[in-house]
Amino acid sequence: MTTSPGYQAVPAQVDFPAMEHDILRLWAERETFDETLRQSAGGKPWTFYEGPPTANGMPGTHHIEARVFKDLFPRYKTMRGFHVERKAGWDCHGLPVELAVEKELGFSGKADIEAYGVEAFNAKCRESVLRHVDAFTELTERMGYWVNLEDAYVTMDPEYVESLWWALKQIHDKGLLEEDYRVAPYCPAAAPRCRITNWRRATRRSSTRRSTCASRSPPARSRARWTCWCGRPRRGRSCRTPRSPCTRTSPTGSRPTRSRGRC
């Protein structure tokens with residue numbers, strides 16, 4: 001087998017996992033990621049804050065897919081001469097963490113949390129939210145994702161929360177913040193603690209049959225019809241819920257659109 005000057009011979013049989021480990025060791029020995037930051041220090045900044053995972057659960061294949069894209073664009077911008085700091089983060093959003101802790105403690109709702117103590121429950125959530133950081137760090141390093149894990153931001157830190165309020169005020173002062181409405185699923189059992197998120201509905205789905213009610217009324221000076229419906233009536237009582245979605249029917253009676261309203 002012949003080789004060109006400056007190139008190593010390529011064997012006929014390649015052990016790709018072993019090759020990956022060799023590259024990872026090479027990057028670690030030469031501090032390649034840190035070197036890219038040093039070499040691009042004078043370049044135009046390209047800001048990248050990782051949309052962070054929640055570390056109260058173990059990483060999965062979907063995290064690998066997302067982190068591939070998080071790694072791809074900063075690498076490209078770095079090669080274009082930009083300075084990309086690549087700051088990692090850990091998401092501490094409440095609902096998935098609360099549900100995991102409720103399950104761990106055997107709780108079934110808000111009353112159990114209040115009996116246990118809100119302060120103690122919050123402390124338990126803070127303990128849970130970063131439980132699997134080591135596993136995420138191992139995954140990140142194994143797949144070769146370059147990101148600054150040593151100075152990661154944590155969304156439950158007061159400094160981070162205050163920075164969000166600061167950013168929101170800047171947006172408001174520039175006249176870029178506006179008020180609007182949207183339809184959101186509502187959980188009467190947990191109100192006013194939370195609204196149901198897609199995540200919660202996906203993890204607590206069950207096959208049930210429920211009665212619903214609807215009413216239709218024509219608004220003044222319009223051919224349109226407002227159809228208000230209620231999806232979670234209370235047994236033996238009025239079907240009125242704190243905020244039920246509404247369906248607005250077009251004048252022709254076709255293609256109803258969602259709007260806000262009460263049943």
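Hi everyone. Before I start, one term: when I say that residues pack against something, I mean contact, with heavy atoms within 4.5 Å. And please keep in mind that this is a predicted model.

Let's begin with helix 2, residues 32-39. Which of its residues are buried? They are Phe33, Thr36 and Leu37. Why do they sit on the same side of helix 2? Because they cover an arc of only 100° around the axis. As for partners, the buried residues of helix 2 pack against helix 3, residues 61-79, and strand 2, residues 148-154.

Next, the largest nonpolar core. This core has 19 residues, and Trp90 and Phe121 touch the most other members. Several elements supply at least two residues each: strand 1, helix 4, helix 6 (118-129), helix 7 (133-142) and strand 2. Helix 6 gives the most, with 3 residues.

Let me stay with Phe121 for a moment. Leaving aside residues up to four places away in sequence, Phe121 touches Glu98, Val101, Glu102, Leu105, Phe107, Ile113 and Tyr116.

I'll finish with Asp91. You'll find Asp91 in the loop between strand 1 (87-90) and helix 4 (94-105). Asp91 is buried, yet it has no salt bridge. How far away is the nearest side chain of opposite charge? That is Lys70, 9.1 Å away, whereas a salt bridge would need a side-chain nitrogen within 4 Å of a carboxyl oxygen. What does Asp91 touch, not counting residues up to four places away in sequence? Its contacts are Pro52, Pro53, Thr54, Ala55, Val129 and Thr155.

Terms used: Residues are numbered from 1 along each chain as its sequence is written. This is a predicted model: local features need pLDDT of at least 70, side-chain atom pairs count only at pLDDT 80 or more; totals for chains, interfaces and linings use all residues. Side-chain values use heavy atoms; hydrogens and water are left out. Helices (H or I, at least four residues) and strands (E, at least two) are DSSP runs, numbered from the N terminus. Buried means under 20% relative accessible area, exposed over 50%, partly exposed in between (1.4 Å probe, protein chains only). Lys and Arg count as positive and Asp and Glu as negative; His and the chain ends are not counted. The arc is that of the directions from the helix axis to the C-beta atoms. A nonpolar core is a set of buried Ala, Val, Leu, Ile, Met, Phe, Trp, Tyr and Cys residues joined through side-chain atoms within 4.5 Å.
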